Amino acid sequence: MTTHSERRVEDLSADECWKLLAAAPLGRLATAVADPATGELFLDVFPVNFLVHEGAIFFRTGPGAKLMDITANDRVAFEADGQTGGFNWSVVVHGSAHRLMLDGDIEQSGVLELDATHPTDKWNYVRITVDAITGIRFRR
């Protein structure tokens with residue numbers, strides 16, 4: 001753990017990041033897609049309920065922008081934050097998102113048991129394969 005003494009911000013280890021993510025109920029998925037007409041890059045951020053399983057992040061989604069974005073460009077960022085004790089924390093993941101296609105993969109991930117807070121049907125299951133994970137913690 002590295003401490004930035006002037007701000008008292010602690011850089012978290014990967015293990016600490018995973019533990020915090022596993023306990024967080026809500027995260028944010030960030031996608032980036034180029035407009036086909038102009039090539040201009042558009043960024044979107046979506047709140048998602050998620051779970052952590054075997055070093056990956058899983059979520060459910062309905063048809064729509066999230067699924068279209070990750071189909072066009074699988075590179076994503078994912079962020080979750082929270083409070084533990086007297087500290088605030090934030091964890092950021094970079095990786096690639098892919099829709100799960102095989103029943104065995106869906107069942108093994110545990111994503112079928114994930115409750116979504118948004119009331120729409122969510123029959124698409126997505127895995128974020130993590131390339132990098134970083135996190136910080138600081139006193140409130």
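Start at the N terminus and follow the chain: the elements run β-β-α-β-β-β-β-α-β-β-α-β. That gives three helices and nine strands, where helices (H or I, at least four residues) and strands (E, at least two) are DSSP runs, numbered from the N terminus. You're looking at a predicted model, in which local features need pLDDT of at least 70 and side-chain atom pairs count only at pLDDT 80 or more, while totals for chains, interfaces and linings use all residues. Residues are numbered from 1 along each chain as its sequence is written, and side-chain values use heavy atoms, with hydrogens and water left out.

**The whole chain**

Of the 140 residues, 39% are buried. Here buried means under 20% relative accessible area, exposed means over 50%, and partly exposed is in between (1.4 Å probe, protein chains only). Now think about contacts, meaning heavy atoms within 4.5 Å. Among contacts with a separation of 6 or more, 67% link residues 24 or more positions apart.

**Stop 1: helix H1**

Select residues 14-23, which is helix H1. Show Cys17, Trp18, Leu20 and Leu21: these are buried. What do the buried residues of H1 pack against? Strands E5, E6, E7, E8 and E9.

**Stop 2: strand E6**

Next, select residues 56-61. This is strand E6, and six of its six residues are buried, so the strand is largely enclosed by the rest of the structure. In a regular strand the side chains alternate between the two faces of the sheet. Check that here: Ala56, Phe58 and Arg60 are on one side, with Ile57, Phe59 and Thr61 on the other, and all are buried.

Now look at the strands beside E6. Two strands pair if DSSP finds at least two bridges between them. E5 and E6 pair in the antiparallel sense over three bridges, and Leu51 stands opposite Phe58. E6 is also joined to E9 (residues 124-139), again antiparallel, by six bridges; one to pick out is Phe59 with Val126.

**Stop 3**

Click on Glu54, in the loop between E5 and E6. The hairpin of E5 and E6 has two residues between the strands. Glu54 has a positive phi of about 50° although it is not a glycine. Most residues other than glycine have a negative phi. Is Glu54 buried or exposed? At 66% relative accessibility, Glu54 counts as exposed.

**Stop 4: strand E3 and its partners**

Select residues 26-34 for strand E3, which runs antiparallel to E4 and is joined to E4 by nine bridges. Thr31 has Asp44 as its bridge partner in E4. In the hairpin of E3 and E4, six residues lie between the strands, and Gly39 takes a positive phi near 80°. E3 also pairs with E7 in the antiparallel sense, over four bridges, and there Leu29 has Phe78 as its bridge partner.

**Stop 5: two rings**

(Rings of Phe, Tyr and Trp, its six-membered ring, pair if their centres lie within 6.5 Å; planes under 30 degrees apart count as stacked, over 60 as edge-to-face and the rest as tilted.) Phe50 lies in the loop between E4 and E5 and Phe78 in E7, so the pair ties together parts that are 28 residues apart in sequence. Both Phe50 and Phe78 are buried.

**Stop 6: the cores**

Finish with the nonpolar cores: sets of buried Ala, Val, Leu, Ile, Met, Phe, Trp, Tyr and Cys residues joined through side-chain atoms within 4.5 Å. In the largest, which has 25 residues, Leu21, Phe50, Ile57, Phe78, Val93, Ile128 and Ile133 touch the most other members. H1, E4, E6, H2, E7, E8 and E9 each supply at least two residues of this core. A second, separate core has six residues, including Ala56, Phe58, Leu100 and Val111.
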